[in-house]
Every structure is written in C-alpha cells, then in structure tokens.
Amino acid sequence: MATPDPDALFQVEVAAPVKVAPPAKGRQAPATELPVARVYVDVPLAHLDRTYDYLVPAKLDADAVSGCRIRVRFASQLVDGYLIDRVAESDHQGTLQFLDRVVSAEPVLAPEVARLCRAVADRYGGTMIDVLRLAVPPRHGRVEAEPAGEPVAVPPPVAAGWAEYPRGTAFLDAVRAGRQAHAVWQALPGEDWPARLAEVACTAAASGRGAVLVVPDHRDIARLHAACVALAGPDAVVALSADLGPAKRYRSWLAVRRGVARIVVGTRACAYAPVADPGVVVVWDDGDDQHADPRSPYPHVRDVLIQRGRLSGASVLVAGFARTAEAQLLVDSGWAPEIVATRDRVRAAAPRVTAIGEHDTQLARDPAARTARVPTVAFDAARTALAAGRPVLVQVPRRGYVPALTCQECRTPARCRRCAGPLHLPAGESRPPACRWCAAADANFRCPSCGSRRLRAVVIGAKRTAEELGRAFAGVPVRTSGASEVLAAVTDTAALVVATPGAEPVAAGGYGAALLLDGWALLGRADLRATEETLRRWMTAAALVRPAGDGGRVVVMAESAAPTVQALVRWDPVWHARLELSGRAELGFPPAVRMASVDGTPSAVARLLHDLPLPPTGEVLGPVPLGEPDADGQVARERILVRVDRAHGRALAEALATAQRARTARKEPDPLRVRLDPLDLI
C-alpha cells in the first residue's frame with residue numbers, strides 16, 4: 001500500500017462537535033443511535049497511531065458492533081480496521097466519512113484485550129495496530145458461520161500436589177476465591193508441572209473465571225493440554241498454536257471468544273486470548289527466548305501477562321524450574337511472593353549432580369577431566385544407568401553461537417571495562433579486541449579474576465556426538481532429538497538420547513543419568529544472559545532425571561567452582577537469580593534498568609538520536625557497526641543502546657514513540673528497528 005499523504009490524514013485535529021445534516025436524496029443516512037464509530041485503521045505508520053471517527057450508516061447499524069472488523073476509506077484508499085467503540089458525538093470539525101462496510105459482525109476484539117494491546121504498545125514504544133496483529137488471528141469466514149457451542153462447566157480439582165510448597169495452597173485459595181494474587185513458582189526437580197498448572201487453571205474455571213496458560217513450544221502445549229483435559233474435559237480446554245492450521249486455530253480461538261471454553265493453552269500469541277473475565281494467567285519457563293515475539297514491537301509474554309493482570313485483576317503466576325533475573329526482581333520488589341519447596345524436599349527430589357574438578361580423587365583418576373569432552377566420571381555414570389536398563393540423556397549445545405572471548409587461563413568471559421559488554425575480535429588480525437556494545441577497543445585486557453592477559457576464542461564442537469557415543473557404547477541404541485526431528489518421549493529402556501537444549505524428550509519413569517556436555521561453550525557465550533540461560537537449560541534437562549535416592553545422576557562438563565555450576569549442584573536457582581540480578585544492577589544491565597536497542601543505517605540511527613528527547617537518566621552507548629565494512633570502509637547498519645533508570649522506563653518508551661512518529665511523518669525510507677528490553681544485546 002502506498003504511503004498516505006500526511007496532509008490528508010490529519011483531518012481530525014481540531015475539536016468541535018460534529019453536526020450531521022439530514023441526508024440528501026440518494027445519500028445514505030447515519031444510524032439514529034450512537035452514529036459515530038471510533039476506529040483503529042490498519043496503517044503501519046507511527047504518527048497515525050490513534051483512533052479516527054467515522055459515521056455508521058443506518059443499514060450497518062446492527063452489524064457495526066464494538067470489536068468488529070470493518071473497512072473504511074482512509075486517505076483515498078480502502079483499508080481494514082477495528083471498530084473500538086460507538087459514541088453519540090465526535091470531536092472532529094468537519095464532515096465525517098461513512099464506514100465502507102462491516103467485514104464481519106463477529107466482535108473479535110474484546111474491550112479488555114483492546115486495553116491490553118494499547119498498554120503493550122505504550123510500554124514497548126510501538127503502535128496499536130502492530131500489537132493487534134499479534135492478538136487477533138486472520139479471519140476464516142466459513143468457521144465464523146459455524147454455530148457456537150454451549151459453555152462447559154468445570155468441576156473443582158483436587159490439587160494435592162501444591163501441598164508440597166508452603167505457599168502453594170494459599171495461592172490456590174486466592175484463585176478460587178477470586179482474589180488477585182501474584183507469585184513466582186520454582187517447581188521441584190521431577191515435578192509433574194503440567195498437572196500442577198492444570199490444577200491452577202481448573203481452580204479458576206470452576207469458580208466461573210478464565211485461565212490463560214502460555215508455554216514455549218508445541219511439545220509443552222501437548223503435555224499441558226492433556227493435563228487440563230484430564231481434569232476439565234475436552235470441551236472446556238482449547239489449545240492455540242500456529243501449527244494447528246488457519247481454520248482449526250480460528251475455530252479454537254472463537255470458542256474462547258464466544259465463552260465456550262474457559263481454559264486456553266498456547267504459545268506467545270495465547271497471551272492475548274479473549275478469555276472472558278480471566279482469573280489467572282500463567283507463563284511457564286519465562287526465560288525461554290521463544291516467549292519474546294520477533295515482530296514489532298517485540299513484546300515478551302511475561303510483560304504482556306503482567307500488564308493483563310494489572311488491567312483485568314487476574315492473578316499472575318511466573319513458573320519454571322529455573323528463575324530469571326526479571327522474576328527475581330518481581331520477588332524483590334514485593335510484587336510477587338515466591339512459591340518454593342523446603343530445602344529438605346528439594347534435596348529428596350533432585351538427582352545427584354557432579355561437576356568437573358569437584359573432588360581431588362576425580363582428578364587423580366582422570367587427570368584430563370578438566371579438558372576432556374566426556375571424562376571418565378561421565379562414562380561411569382552412563383554405564384551404570386545403561387546397565388540398570390535406564391535411558392541416558394546427553395545434552396549437546398546447538399551449533400551456530402557467535403564466537404566469544406574468554407580468559408585463556410580461567411575462562412572468565414572477557415568484558416569491556418567501560419560498559420561491561422562482551423569483547424570480540426574485529427576483522428583484521430592486527431586489530432585489538434573491541435566491545436560489541438559500545439565499540440570501545442581494549443588493547444590492554446587483563447582478566448579481573450586471575451590477572452592473565454591472554455585471550456581464547458570459545459567455539460562449539462558438537463558435531464558427530466551421537467556417532468562418537470555410539471562407538472563408545474557398542475550395542476546401545478542411540479536416538480537424536482533436535483532440528484528437524486524432535487522427540488516428544490522415549491521409553492524406559494536402555495538407550496542413549498542425544499538432544500539439543502529445549503528438545504529433550506520426556507522419559508517414562510525418568511532418565512537414569514544425564515550428561516551435560518560443553519558447559520564452558522555455554523557459559524562463555526557473548527550474551528548478557530549466558531549464565532542464566534545456561535542454568536535454565538541445565539535444570540530443564542536435569543529435572544528429567546530420577547532422584548538421587550533412585551540412582552539418578554547428572555554430570556556437567558564445567559568447572560565446579562563456577563557459580564552457575566554451584567547453583568545446579570545445590571539445585572538453588574533462587575540463589576543464582578539473586579546473584580545475577582545483583583550483578584546486573586551493579587553494571588547497569590536490564591532488568592535493573594530499562595534499555596532500548598536501535599539498529600539501522602547510520603544516517604537513520606543518527607536522525608532518530610537527534611529527534612530523541614532523552615529522559616534525565618538517559619545514556620547512549622555506541623554506535624557499534626553491525627557486519628563488516630565494505631571496500632570504502634562504510635558499514636550498512638549500526639546499532640546504539642539507550643539505557644535509563646527503571647523509574648524513567650515509561651519516559652523512554654514515550655520518547656522512542658515520539659521519535660518514531662517524527663520519522664514516519666517525514667516519510668523516511670530507511671528501515672529502523674527499535675526494541676525495548678531485548679533478550680539479546682549482541
């Protein structure tokens with residue numbers, strides 16, 4: 001669609017009551033009651049991010065309901081839009097145009113969801129229409145014509161599993177009574193988390209309210225959906241994910257919008273599911289990067305659900321085996337109490353975890369244990385589990401990480417002395433290490449941990465892992481899970497299961513052992529969240545292993561003195577999250593601050609920075625070139641970071657939105673990507 005003319009579009013700026021003259025012969029008449037429709041138009045321009053007033057023709061009076069899809073003439077073009085509200089008068093001075101047509105009388109945009117979309121757009125400095133594209137699925141006319149079903153009653157569940165957690169029962173009682181309660185839940189290792197979340201959802205549904213459960217991927221959806229169906233029945237629960245197909249997904253979505261189903265399970269778009277009167281909203285494993293939407297304005301599910309809880313009065317539960325720094329901030333601020341089991345109960349449920357160098361006797365038996373990819377202690381754990389007829393999980397990091405720099409001696413990640421960003425080696429052998437965030441060179445690097453000046457590159461060598469283990473354990477079946485083939489489950493028989501992080505299948509009865517390979521490759525990544533993400537991936541895999549009392553073993557190929565390894569050995573994600581949040585606060589990293597990433601052509605970035613009214617605590621880092629320079633030494637794209645105190649987070653979002661509006665009003669052709677609180681800062 002061609003860019004509309006701004007002069008023609010700003011025709012509703014002057015406030016004055018509109019007077020509708022009697023229609024001339026042959027002209028359509030407006031509706032007699034509430035003749036003015038307030039509309040969001042589907043035009044992706046920041047300076048047009050507001051409602052526009054149109055007249056409702058009398059012939060469309062019955063169909064033009066709040067939340068329906070409409071078509072209007074906007075800047076001489078027919079565009080799609082949503083009817084947000086109908087009012088008696090308009091503030092526009094001049095003649096209002098009529099709605100062209102009502103695409104469907106189905107009220108797809110609920111008022112509560114519309115308020116949520118506006119709040120998300122404002123928080124991330126985006127536009128309402130961009131969020132609406134995430135929230136409302138494309139229309140399927142044949143499905144809309146199908147009759148609606150009848151609402152299904154949900155019986156109250158027996159939630160005995162929550163008694164394992166001192167505050168678990170109190171949280172369920174609040175959900176049952178309709179009181180708003182927030183919590184951060186750390187599941188026990190080996191916990192049947194789908195069953196626990198199903199109990200929370202059915203508790204809300206049994207009291208007449210709705211439940212929204214958001215998980216990272218389709219395998220989690222299948223497990224959680226099955227658990228909810230077992231308690232509530234198949235007609236009370238719907239699953240929403242992109243792999244359902246347009247017709248089936250829209251049918252399920254309409255069942256929620258029409259009030260037939262009260263429990264919704266899905267991936268990130270499910271956070272906007274139009275559940276009537278939501279009683280509880282849940283995000284499982286909030287550290288998974290799949291919860292961050294890759295489309296503008298790049299919202300995170302955790303923040304979307306927090307906004308939804310604030311606007312609707314629903315309870316919010318942030319859950320997982322590990323804990324993110326963002327979840328820890330919710331606890332430290334007093335916004336959400338934590339639900340954790342006692343240390344005795346954790347020790348009884350956790351497998352035995354062994355790290356490299358944990359005991360002197362281990363190094364005496366295998367002097368190469370610190371450098372070997374699969375040391376003797378790992379082989380021993382695998383042989384014992386296989387001999388007992390139990391499967392062994394081998395977690396191998398994915399290929400394709402950006403090479404990072406660490407200390408040659410102690411492998412501490414190399415960071416910039418100016419902003420604590422990760423160091424890398426720019427193109428050209430003679431150039432010193434430079435920061436990926438602020439571009440400052442560091443020719444005199446000295447490791448803050450051991451004082452060494454030597455650096456090493458950390459890369460991942462995970463190829464042929466399955467073949468190597470197959471030769472080492474002759475006669476044992478080897479199965480792989482990852483990339484194009486992800487296994488949902490494996491049987492409780494002796495086998496080696498090689499999986500990438502996030503693709504670990506569930507084993508009936510639990511794995512006998514788990515080998516977590518290439519630990520330093522994960523810990524040494526040039527990523528703000530490297531240690532947090534590493535612990536999350538390790539705990540997700542280790543939680544699938546039997547308890548230590550049943551012979552469960554986990555061997556992690558990383559130095560035992562590292563804090564992340566210690567958190568795994570002690571199974572203490574809370575301690576690690578506190579440590580992570582404290583470190584980020586000291587260095588000025590999210591979530592202790594709010595940070596925006598802006599990348600585009602050098603000229604576009606410079607113009608936006610010129611238009612950006614920085615809040616009082618605003619600080620600009622960069623620009624940093626993205627990619628290699630051309631023959632003339634010019635770079636095609638560069639990036640800046642803007643950070644502010646959390647108190648000025650809303651001001652930063654408003655400032656970025658203002659700068660974006662100025663760009664689109666000038667019709668600047670160069671694309672620019674603006675992200676607030678991105679997961680990756682590389």
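Rings of Phe, Tyr and Trp, the last taken by its six-membered ring, are counted as a pair if their centres lie within 6.5 Å, and planes under 30 degrees apart make a pair stacked, over 60 edge-to-face, and the rest tilted. The structure shown in these views is a predicted model.

**View 1. An aromatic cluster built from six named residues.** W162, Y165, W185, W193, W284 and F321 form one aromatic cluster. By the rule given above, the count of aromatic pairs comes to nine. The ring centres of W162 and Y165 lie 5.9 Å apart with their planes at 50°, so this pair is classed as tilted. W162 and Y165 are both buried.

**View 2. The pair formed by W185 and W284.** The rings of W185 and W284 also form a tilted aromatic pair, with 6.0 Å from centre to centre and 55° between the planes. Because W185 belongs to strand β6 whereas W284 belongs to strand β10 (residues 278-284), the pair ties together parts that are 99 residues apart in sequence. Both W185 and W284 are buried.

**View 3. Helix α10 and its surroundings.** Of the eight residues in helix α10 (residues 325-332), six are buried, so the helix is largely enclosed by the rest of the structure. The buried positions in α10 are A325, E326, A327, Q328, L330 and V331. The elements against which these buried residues of α10 pack include the strands β6 (182-186), β11 (315-320) and β12 (338-339), together with the helices α9 (301-312), α16 (530-542) and α18 (573-587). Just after α10, G334 adopts a positive phi of about 85°.

**View 4. The whole chain, as context for the close-up views.** The chain contains 20 helices and 28 strands. Its radius of gyration is 28 Å, close to the 26 Å that the globule rule gives for 682 residues, so the chain is as compact as a globular protein of that length. The C-alpha trace spans about 100 × 65 × 45 Å along its principal axes. Buried residues make up 55% of the 682 residues in the chain, and among contacts with a separation of 6 or more, 74% are between residues 24 or more positions apart. The accessible surface of the chain comes to about 28,500 Å², of which carbon and sulfur atoms account for 52%. The chain carries 83 positive and 75 negative side chains, and the centres of these two sets lie 1 Å apart.

Technical notes
Residues numbered from 1 in each chain as written. Predicted model: local features only at pLDDT ≥ 70, side-chain atom pairs only at ≥ 80, totals over all residues. Heavy atoms only, no water. Helix = DSSP H or I, 4+ residues; strand = E, 2+ residues; numbered from the N terminus. Rg over C-alpha atoms; globule rule 2.2 N^0.38 Å. Buried < 20%, exposed > 50% of the residue type's maximum accessible area, 1.4 Å probe, protein only. Contact = heavy atoms within 4.5 Å. Areas by Shrake-Rupley, 256 points an atom, 1.4 Å probe, with all protein chains shown as cover. Lys, Arg positive; Asp, Glu negative; His and termini not counted. Charge placed at Lys NZ, Arg CZ, Asp CG, Glu CD.
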